[in-house]
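Reader: I would like to learn how to read a structure feature by feature. Can we go through one together?
Author: Gladly; here it is.

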Amino acid sequence: MAKTPQVVVVGAGIIGCAVAYELARHGARVRVIDRRAVGQGATQASAGVLAPFLSAHEGRPLVELGARSLGLFDEFVARVVEDSGAPVQYVRSGTLEVALTDAALVRLQATAKACSANGARCDLLDATGVRRVEQQLSPRIVGGLLVHSHGFVGAVELAGALQRAAGAHGVRFVSSTAAARVTRRRGGLRVELAGDSIACDRVVLAAGSWSGQVEVDGAPATPVRPVRGQILHLGWPASRLSRVIWSPECYLVPWNDGSVLAGATVEDVGFDERATVNGVQHLLAMTRDIVPEAGAAWFRAVRVGLRPGTPDELPVVGRSVSLPGLVYATGHYRNGILLAPLTAAIVARLVLEDDEDPAISAMTPTRFGAC
Ligand SMILES: Cc1cc2nc3c(=O)[nH]c(=O)nc-3n(C[C@H](O)[C@H](O)[C@H](O)COP(=O)(O)OP(=O)(O)OC[C@H]3O[C@@H](n4cnc5c(N)ncnc54)[C@H](O)[C@@H]3O)c2cc1C
């Protein structure tokens with residue numbers, strides 16, 4: 001494409017913001033539309049954990065994608081902070097995955113082996129070792145796996161900083177504006193809104209769980225479904241945790257201000273973004289199972305988000321074959337924050353240079369038919 005392309009990004013979650021920033025940094029004229037304010041979809045509820053090797057033993061493409069994106073994170077955050085002038089909480093102090101049963105410990109041994117095979121430095125700890133590195137943890141914990149390269153990022157801060165950084169590169173954000181349909185027009189595409197439309201050269205569909213509600217000319221609905229997650233933000237009574245603590249039922253993320261995120265439920269309840277008694281009760285019980293002293297914690301907030309899930313739990317990233325010029329960037333399910341830098345880089349190259357990264361083979365929308 002000879003002239004600077006005009007791109008509309010539908011959705012201002014972490015994915016839409018990261019894509020818009022990356023496109024604009026490389027010269028595109030970008031407009032981002034969202035029916036809400038920036039980052040108010042799944043992104044505002046995210047724990048921001050950056051931990052691709054937790055499922056290393058499963059050996060799925062997701063581990064590879066996550067590891068690659070994690071490798072981009074230092075530079076990505078540094079650049080966004082510089083371009084935005086906004087601080088972003090970003091900590092790489094590792095994760096400690098804990099086992100409460102001997103069977104869980106055997107699984108951690110398999111994960112440790114797979115981590116080493118992937119070049120991720122890790123240490124298997126026995127019960128004493130676990131309490132040496134994290135004194136607050138329950139005496140019921142029989143062992144743990146420390147993965148050193150993992151960490152977390154403040155997802156809301158990162159989305160806000162991306163908005164500012166993108167704005168510094170000329171991106172326009174338009175809120176309270178929902179895309180209904182993307183259609184062809186002579187020489188390009190048209191995004192239809194309620195009673196209005198925007199003409200452009202390219203469209204990136206990054207509407208998270210709602211992606212299937214945006215009609216794409218000639219294509220079936222994007223196969224993304226909402227998976228509710230509830231997460232608690234707690235004032236923390238005990239001494240600080242040093243790193244993310246992970247168990248199959250619950251994880252704890254120690255923020256720099258001393259508070260802790262305790263997440264998260266995984267619920268198939270459609271587009272229902274309400275916090276529930278059952279969800280909160282479950283998270284409290286699980287938190288106390290790991291840290292008995294957490295009974296004295298106090299509530300700061302309960303957040304709820306709808307993760308964009310797909311049938312195979314892999315993102316949907318790549319060109320539409322039904323509507324040339326439209327690129328999907330959605331379906332990031334439980335890893336949208338982790339995968340944001342990689343998705344942004346891949347989508348920007350696809351849109352601006354027509355260059356298809358090999359990683360798209362695992363994420364291509366065509367695996368679900370002629371999207
Ligand atoms: C409780 C919880 C904990 C999580 N923890 C982690 C974690 O630790 N690490 C991690 O990597 N990931 C985590 N995730 C997942 C991560 O938050 C998501 O994968 C990510 O936020 C998805 O980003 P997104 O931009 O695709 O979607 P969203 O953030 O949902 O953004 C989509 C945007 O599109 C907008 N939109 C929808 N329809 C339209 C339309 N028709 N027109 C215009 N705009 C529209 C919405 O308003 C929304 O702002 C967690 C999620 C939850 C809920």
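Reader: Which polar backbone atom lies 3.2 Å from a nitrogen atom of the ligand?
Author: First, the ground rules. This is a predicted model, where local features need pLDDT of at least 70 and side-chain atom pairs count only at pLDDT 80 or more, while totals for chains, interfaces and linings use all residues. Residues are numbered from 1 along each chain as its sequence is written, and side-chain values use heavy atoms, with hydrogens and water left out. A polar contact is a pair of N or O atoms within 3.5 Å; within protein, one must be able to donate a hydrogen and the other to accept it, and residues adjacent in sequence count only if both atoms are side-chain atoms. Here the backbone atom belongs to Ala47. The protein buries 99% of the 1,000 Å² that the ligand exposes when taken alone. Those areas come from the Shrake-Rupley method with a 1.4 Å probe; for residues, only the protein chains shown count as cover.

Reader: Which side chain has an N or O atom 2.6 Å from an oxygen atom of the ligand?
Author: That of Asp34. Ile14 uses its backbone instead: an N or O atom there lies 3.2 Å from a ligand oxygen.

Reader: How many residues surround the ligand?
Author: A residue is near a molecule or strand if one of its heavy atoms lies within 4 Å of it. By that test, 39 residues surround the ligand, and the closest are Asp34, Thr43, Val49, Ala179 and Tyr333. The shell divides into 21 nonpolar, 13 polar and five charged residues. Ala, Val, Leu, Ile, Met, Phe, Trp, Tyr, Cys and Pro count as nonpolar, Asp, Glu, Lys and Arg as charged, and the others, Gly among them, as polar.

Reader: Which element supplies the largest share of that shell?
Author: Helices (H or I, at least four residues) and strands (E, at least two) are DSSP runs, numbered from the N terminus. Strand S19 gives the largest share, three residues. Helix H1 (14-25) and strand S19 (298-309) each supply at least two.

Reader: Tyr333 is one of the closest residues to the ligand. What is its phi?
Author: Positive, about 45 degrees, although Tyr333 is not a glycine. Tyr333 sits in the loop between S21 and H7.

Reader: Is Tyr333 buried or exposed?
Author: Buried means under 20% relative accessible area, exposed over 50%, partly exposed in between (1.4 Å probe, protein chains only). Tyr333 has 14% relative accessibility, so it counts as buried. Asp354 also has a positive phi, near 60 degrees, and is not a glycine. Asp354 is in the loop between H7 and helix H8 (360-363). At 52%, Asp354 counts as exposed.

Reader: How do strands pair, and which strands does S21 join?
Author: Strands of a sheet pair through backbone hydrogen bonds, either parallel or antiparallel. The test for a pair is at least two bridges found by DSSP. S21 runs parallel to strand S13 (residues 202-205), with three bridges. Leu205 has Tyr328 as its partner. With strand S20 (residues 316-319), S21 runs antiparallel over four bridges. There, Arg319 stands opposite Val327. S20 and S21 form a hairpin with six residues between them, and Gly325 in the turn has a positive phi of about 105 degrees.

Reader: Which residues of S21 lie on each side?
Author: In a regular strand the side chains alternate between the two faces of the sheet. In S21, Leu326, Tyr328 and Thr330 are on one side, with Val327 and Ala329 on the other, and all are buried.

Reader: What does Thr343 touch?
Author: Contact means heavy atoms within 4.5 Å. Not counting residues up to four places away in sequence, Thr343 touches Ile15, Val317, Ala329 and His332. Thr343 lies in helix H7 (residues 340-353). Its relative accessible area is 4%, so Thr343 is buried. A polar atom of its side chain lies 2.7 Å from the backbone oxygen of Leu339.

Reader: Where does a cis peptide bond occur?
Author: Between Gly263 and Ala264, with omega about -20 degrees. Ala264 is in the loop between strand S18 (260-263) and helix H6 (277-290).
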